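Please keep the sequence and the 3D view open while reading.

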Amino acid sequence: MSWARQNLFSGWGNTLTTVLIGFVLVWALVPFLDWAVFSADWVGSKRVDCNTGGACWVYVIQRFDQFMYGFYPEAERWRVDVGAVLLMIALMLFFLPRVTGRLALVFLLLALPVGWILLTGQGLGLPAVETRLWGGMMLTVVLTVAGLALAFPVAILLALGRRSSLPVVRISCTAFIELWRGVPLITVLFMASVMLPLFLPDGASVDKLLRALIGVSLFAGAYLAEVIRGGLQAIPRGQYEAAAALGLGYWKTMIYVILPQALRHVIPGLINTVIALFKDTTLVLIIGMFDFLGIIQASLNDQEWLGLAAEGYVFAALVYWSICFGLSRLSINVEQRSGVYRG
Amino acid sequence: MAEPVIKVEQVHKWFGSHQALAGIDLSVMAGERIVVCGPSGSGKSTLVRCMNGLETMNAGKITVNQIDLAGGSAAVEQVRKSVGMVFQQFNLFPHLTVEENLCLAPTRSLGLSQANAQERARKYLERVHIPEQAGKFPLQLSGGQQQRVAIARALCMEPQIMLFDEPTSALDPEMIKEVLDVIAELAADGMTMVCVTHEMGLARAMADRIVFLDEGQIVEEAPPSEFFKAPKSDRTKQFLSRILQH
Amino acid sequence: MVAVAVVIAGAVWLFGNTLDNLANRGIASGFSFLKSTAGFGISTSLIDFSEASSIGRAFWVGLLNTLLVSAISVVLATILGFAIGIARFSKNWLLGRVATVYVETLRNIPLLLQIFFWYFAVLRALPGPRQSYDLAGWFFLNNRGFYIPKLEIIDGGGWVLLGAVVMAFLAFWQCRHKGISRSCAGLAVLLFISLLAVGSVSVPALTGFNFTGGTVLSPELVALVIALSSYTAAFIAEIVRAGVQSVPRGQIEAADALSLPDKDRMRFVVIPQALRVIVPLLTNQYLNLTKNSSLAAAIAFPDLVSVFAGTVLNITGQAIEIIGITMAVYLTISLTIAFSMNIFNRTTAMRGLSS
Amino acid sequence: MQILRYLVPFLGVALFGTASSAGTLDTIKEKGWLTCGVSQGLPGFSAPDSKGSWVGIDADFCRAVAAVALGSPDKVKFRPLSTKEAFTALQFGEIHILSRNVTWTQTRDSALGVNFAGILYYDGQGFMVRRKLGVKSARELDGAAVCVNSGSTTELNLSDYFRTHGMKYTPVVFEKSDEVLSAYRAGRCDVFSTDQSGLYAQRLKLPKAKDHLILPEIISKEPLGPAVRQGDDKWFNIVRWTLFALVGAEELGITKSNIEALTQKTSNPAIRRFVGTEGKAGANLGLDPEWAVRAIKAVGNYGELFEKHLGKDSRLKISRDLNRLWNKGGLHYAPPIR
C-alpha cells in the first residue's frame with residue numbers, strides 16, 4: 001500500500017497520470033488480449049474453424065512450416081534443421097565460460113561453409129535445392145549470418161585501413177565506409193539486384209540470393225568497420241609500443257596483440273549490429289525475396305485465409321521481437337560480464 | 001532560551017550494511033558557527049547532507065526552522081530555500097555563465113525578475129571579490145574562483161543558514177586561502193554556518209563550536225579553545241596529533 | 001602496397017566490364033533522359049507537377065517528398081523521444097514502466113513491419129470517403145487521407161504575407177529579448193488580420209468519388225510519418241536516458257540544494273548538459289531516419305526511391321545513372337545533416353564546456 | 001577472369017549463364033536445359049502451383065520451346081523475376097527467354113538490347129471497380145484514386161487516358177502487385193488498374209469476386225510476348241517459330257490429341273510441311289523435322305493453351321476476343337511454313 005502511495009499517488013499530478021495511463025491500458029489491452037488469447041481460435045485446419053471472432057491462429061499454425069522454411073522441399077527440410085543446430089552450437093560455444101574463444105571461432109568457421117553446402121546440396125551428392133526456393137525464417141537467418149560472415153573480414157580490413165598511416169589507404173577506406181553508411185539499404189539492394197550484372201563479365205551471372213547477400217554485406221561491413229574501429233581506439237598506445245618493442249611487425253602486432261583485445265571490446269556493438277541487420281533483412285521483400293516477413297505478407301493474399309493480416313503481422317512482430325529482445329539482453333549481459341572481468 | 005534553527009535528534013543512516021550515522025544529536029542556534037571534523041568515513045558529509053534533505057535518514061528527526069524534513073517534498077523544498085549549500089566539487093553548472101549560474105535559482109525558485117536577480121548576483125559577486133568574472137563560464141575560472149562563485153550562488157538565495165561540505169578539499173593549496181577568507185568574512189557577518197572541513201586554521205578562527213565525529217557518532221563537542229588545548233577523548237587526541245603534525 | 005594494387009586492378013576490371021557491357025548491349029547512357037517528358041502522375045507533390053513535366057522535375061518532386069517526410073518525422077521523433085526518455089525517470093512508477101515497454105517493443109520490431117502495420121491497419125480502420133469522420137465541417141478523415149482546409153493566397157499576397165511574418169518574427173524576438181511577452185499576443189492578431197486580407201480558406205468538400213479543395217495528407221504520408229517517428233523515438237528515448245544519466249550527480253544535488261523545482265532542474269540543468277552526450281548520437285538517429293524514409297517505396301508514398309529509383313528506372317531502364325544519382329543525393333543529405341548537427345553541437349551543446 | 005571462375009564458386013556463386021559467344025542453342029544443348037524468366041505469380045500466365053511447378057500460358061510457351069530445341073518440355077528452369085529485373089536478366093544472359101507478360105514497346109525493342117519474338121496474348125489495360133459504386137464506364141472515373149503497380153507501362157497509359165479525357169485522378173503506386181491488391185481491398189482506391197488479363201486474375205483473389213466489375217474500356221494496346229536477347233538470330237528464329245507453330249497448328253486444326261494420327265496419314269500439304277514429312281522447315285531452323293510436332297505434343301495448339309489457362313477451362317474465364325485467329329475475327333496470324 002505504502003509502495004503504491006509513494007510511487008503512484010504521491011501528488012495530484014501523479015495520481016492523475018496514474019489514472020490516465022491505467023485507463024488507456026485497460027482500454028487498449030483488454031480488447032487486445034481478448035482478441036489475441038481468450039477468444040482466439042487455436043485448433044483446426046481450415047478457415048471455417050475460425051468462428052469465435054477472435055484471432056485465427058489456426059492460419060499461423062497451418063502455415064508455420066512455410067513461414068520457417070519457405071518453399072524448401074519438404075523432404076529436404078532436415079538439412080535446414082541440421083544447419084540451424086550447427087549454428088546454435090557455434091553461438092553457444094561463444095558464451096560458454098569454459099570454452100576458449102579460439103575453439104569457438106574455429107568451430108564457427110567450419111560450421112558456416114558446411115551449413116551453406118548442406119543447404120545448397122552442392123558437392124555432397126544431395127539433391128540440389130535452388131536458392132529461389134529458400135524462404136521464410138530460414139532465409140532471414142541465412143541473410144543475417146552469411147551477410148555478417150562475409151562482412152566481417154572486410155570490416156576488419158576497412159577498420160585497420162581507416163587507421164592506417166598511408167593516406168591513400170586511409171582516405172579510400174574512409175570514403176568507402178562513409179559511402180555505404182550514407183545511403184539507405186534499399187538503394188544498396190536495388191543496386192545489387194539491378195546493377196551488379198553490369199559490373200561482371202559477359203555471361204557470368206550471379207544468383208539472386210547472392211546478389212542480395214553482396215549488398216547486405218557491403219552495407220553491414222561499413223557499419224561493422226566502425227564498430228571495430230571503436231574497439232581499436234580503446235586499445236591503449238602502450239600495447240602498440242610494447243608489441244613494437246618486442247620486434248613484432250604490423251600484421252603480427254594486429255593479429256596477435258591488438259585484434260584479440262579489440263574484438264573482445266566490441267562484442268556488445270557487434271550484437272547490436274546483428275540486431276540491426278536482422279531487422280533490416282526485411283527489406284529484401286521489396287526486391288521480391290520471400291524472407292520471414294515477405295512470406296507472411298505473401299500468404300495474406302491467399303484466398304483461403306483472406307483478411308487475416310492482423311494475425312500475420314502480430315505473429316511476425318512477436319517472433320522478431322523475441323529474437324531481437326533476446327539478443328539485446330545477451331548484449332547487456334556480455335557487457336556486464338566483461339565489465340566484471342576488467343575489474 | 002530560543003529554539004535552535006537546526007535540531008538533529010537521534011539520526012541514524014545506513015548505506016546498505018554500512019552505518020554512516022549512529023544516533024546523532026546536535027542543535028545549531030541562530031548565528032552560531034559550527035565546524036564538523038573527523039577522520040574520513042566518519043559520516044560528517046552525510047550529516048550536513050541530511051540537514052537539507054540531500055540524504056534521507058533511516059531513523060531520527062531533523063527540524064530546520066521548526067520544519068520537519070520528513071514532512072514530504074514540500075517541507076524539503078521550504079527548508080532548502082532557507083539553507084544554502086557549498087560542495088566540495090563546486091558543482092557549478094558548466095553550461096551557464098557565472099551570472100546565469102547565480103540568477104537561475106532566484107528567478108526560477110524565488111520568482112525574482114531577471115533584472116532583480118542580476119542586481120543580486122552582482123552584489124554577491126562583489127562580496128566574494130570576483131565581480132569581473134560575471135560573463136565567463138565556470139570552466140574558464142580557477143578552482144578558487146569557482147568555489148567563490150559557488151558560495152555566491154548559494155548566497156543569492158539569501159539563506160539563513162549556510163552548509164559547507166569540505167569547501168577547500170578539491171583546491172590547490174595556493175587557492176585555499178582566497179576561499180577561506182570569503183568564508184571567514186561571512187562568519188564575521190554573523191551568518192549561521194555548519195562547515196565540514198579539515199582546515200583547522202579555519203576552525204580556530206571562526207568556529208563557535210567544534211563537533212568531532214567518528215564512526216557515525218559525536219565523540220566530542222567543544223569550543224575551539226577547549227577542543228585544541230584540552231581534548232577529552234583519546235580518539236580526538238589521536239586525530240589532532242595526526243592532523244596537526246605538519 | 002600489394003593490397004592497394006589489387007584493389008585498383010579490381011576497380012579497373014569492374015569498370016572495363018561495365019563499359020563493355022553497356023556498349024555490347026546497346027543500352028542508352030547519359031543524363032538526357034532527365035529532360036524527357038515524364039508521362040506519369042504523382043499523387044503527392046509539393047511543387048506543380050503534371051504528366052507533361054519532365055523527368056527531372058519528377059526527381060525534384062521525389063526529393064522534396066523525402067525531405068518533407070524526414071523533416072516532419074525528425075521533429076515528431078525528437079519531441080516524442082525526449083518525452084519518453086524523460087518519462088523513464090518519472091517518479092510515477094507506471095509512467096516509467098510504460099515508457100520502458102514502449103522503447104523495448106518498438107525498437108525490437110523491424111521498421112518495415114511497423115510501416116505495414118500502420119498503413120494497412122489504419123486504412124482498414126477508417127471509413128470510405130462517403131462515411132468520413134467529420135470534424136466541425138473543416139476537417140475530414142477517411143481512408144483516402146486526412147483532409148484539412150488550405151489557405152489560398154491571392155496573387156502577390158505571398159509577399160505581403162512574407163513581410164508580415166518577418167515583421168512579426170522580428171517584433172517577437174525583440175519583445176522576448178526585453179522580457180515583455182504579453183504585448184506580443186497583439187502582433188499575432190495583427191498577423192492573422194493580414195492573412196485574412198490577402199488569403200482565403202479553401203475547405204474540403206465531397207464531390208464525386210472524393211473530396212476536393214483543401215489539402216490532403218495521404219494515408220501513405222500519415223502512416224510513414226507515424227511509423228518513422230514512433231520507431232526513431234524509441235531510439236532517441238534511449239539516447240536521452242543515457243544522456244541524462246551521464247550528467248554528474250553533483251549537478252543534480254546542486255540544483256536540489258538551490259531548491260530548483262523538478263521540472264526546472266530538468267530543463268535548465270540536466271538537459272542542457274545531457275545534450276553533450278545526446279547530440280552526436282541524435283545526429284546518427286536523424287541520419288537513420290532520413291535513410292529509412294526510403295521504405296516509402298513499400299507503401300506507395302512517392303519519395304525519391306519510389307518515384308526515381310522506382311517508376312523512372314522502370315521506364316528508362318538506365319540503372320547506373322539512376323541508382324548513382326539516388327545514392328549521391330542520400331549521401332549529400334547525410335553529409336548535410338551531419339555537418340549542420342556538428343555546428344549545432346559546437347555552438348550550443350558544447351557551450352561552456354571547452355575552456 | 002580465371003581467378004573469378006575459381007573464386008566465385010568457392011564463395012557459393014552459382015554460375016547459371018556462361019559465355020554467350022557459342023550461341024544460345026549450343027549453350028543450352030550443352031547444359032541440357034534452358035532458363036525461362038517468368039512472373040512472380042500471375043494466375044493464367046505463370047504461377048507456381050501447390051507443388052511449386054509453374055503453370056500458365058507463359059510457362060507452357062517455354063516448355064514448347066524446350067520441346068522444340070531440346071526435345072523435352074521438362075528441360076526448363078523457371079526464374080521468377082520482377083519487372084525491374086526482367087530485362088537486365090535477359091540482357092546479361094541469365095535467362096534464355098523472357099516469357100513474362102511484358103509489353104512489346106518500341107523502346108524496349110530498340111533501346112534495351114532485346115528482341116520480341118512475337119505476340120502471345122493481345123492485352124490492354126483496363127479498370128476494375130466495386131460494383132456498388134454504380135460506375136459503368138471508365139469515363140465516369142473523374143477524381144478517382146487509382147491503385148497501380150510500378151514497373152511497366154501501366155502508369156503511363158493511365159495518365160494518358162485521364163489526360164486525354166480531361167479527368168483528374170490520384171495515382172497510388174506500389175512496387176508489388178500483392179500490395180496493390182491489399183490496398184484496393186482495404187479501400188484505399190476506387191479503381192484497380194492493370195492489364196485486363198491481370199484484373200481477371202487478381203479478381204479471383206478477392207473475397208467476393210462478383211462484387212467487383214471489370215469496366216469494358218481498354219485504354220491501351222498491350223501486346224504481350226516472349227523476348228530474347230539481341231544478337232542471336234538463330235535462337236530468335238527458333239523462339240519466334242515456336243510461337244507461329246502454336247498458332248499455325250490451331251489454324252490447321254492440329255491438336256494435341258490428333259497430331260499423332262495426322263502425322264501418319266494426312267495428305268494436306270500444309271499439315272505435311274508442319275509435321276515435317278515434307279519440306280525442310282526444321283533444317284532451316286537448325287533443328288530436326290519433328291520440331292513442331294514436339295511443341296504441339298507438349299502443350300497443344302494456341303487455342304488449347306488459351307482455353308486451358310485463360311479461357312473457359314480456367315478459373316479466369318477470359319473471353320478470346322482479340323486473341324481469336326485472324327479468320328475468326330481476332331489478330332493471331334501465323335506466316336505459312338513453306
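K123(B) is partly exposed, with a relative accessible area of 48%, where partly exposed lies between buried, under 20% relative accessible area, and exposed, over 50% (1.4 Å probe, protein chains only). This is a predicted model, in which local features need pLDDT of at least 70 and side-chain atom pairs count only at pLDDT 80 or more, while totals for chains, interfaces and linings use all residues. Residues are numbered from 1 along each chain as its sequence is written, chains are lettered from A in the order in which they are written, and side-chain values use heavy atoms, with hydrogens and water left out.

**Within chain B**
- K123(B) pairs with E158(B) in a salt bridge at 3.5 Å, N to O, the term meaning a side-chain nitrogen of Lys or Arg within 4 Å of a carboxyl oxygen of Asp or Glu.
- Because E158(B) lies in the loop between α5 (143–155) and β7 (161–165) and K123(B) in helix α4 (residues 114–127), the pair ties together parts 35 residues apart in sequence; helices (H or I, at least four residues) and strands (E, at least two) are DSSP runs, numbered from the N terminus.
- E158(B) is partly exposed, at 38% relative accessibility.

**Between chains**
- E104(C) and R329(A) form a salt bridge, with their closest N and O atoms 3.2 Å apart.
- This pair crosses from helix α3 (residues 93–106) of chain C to helix α14 (residues 309–342) of chain A.
- E104(C) counts as buried at 10% relative accessibility, whereas R329(A) is partly exposed at 37%.

**Network in chain A**
- A network of salt bridges links R162(A), E178(A), R181(A), E226(A) and R229(A).
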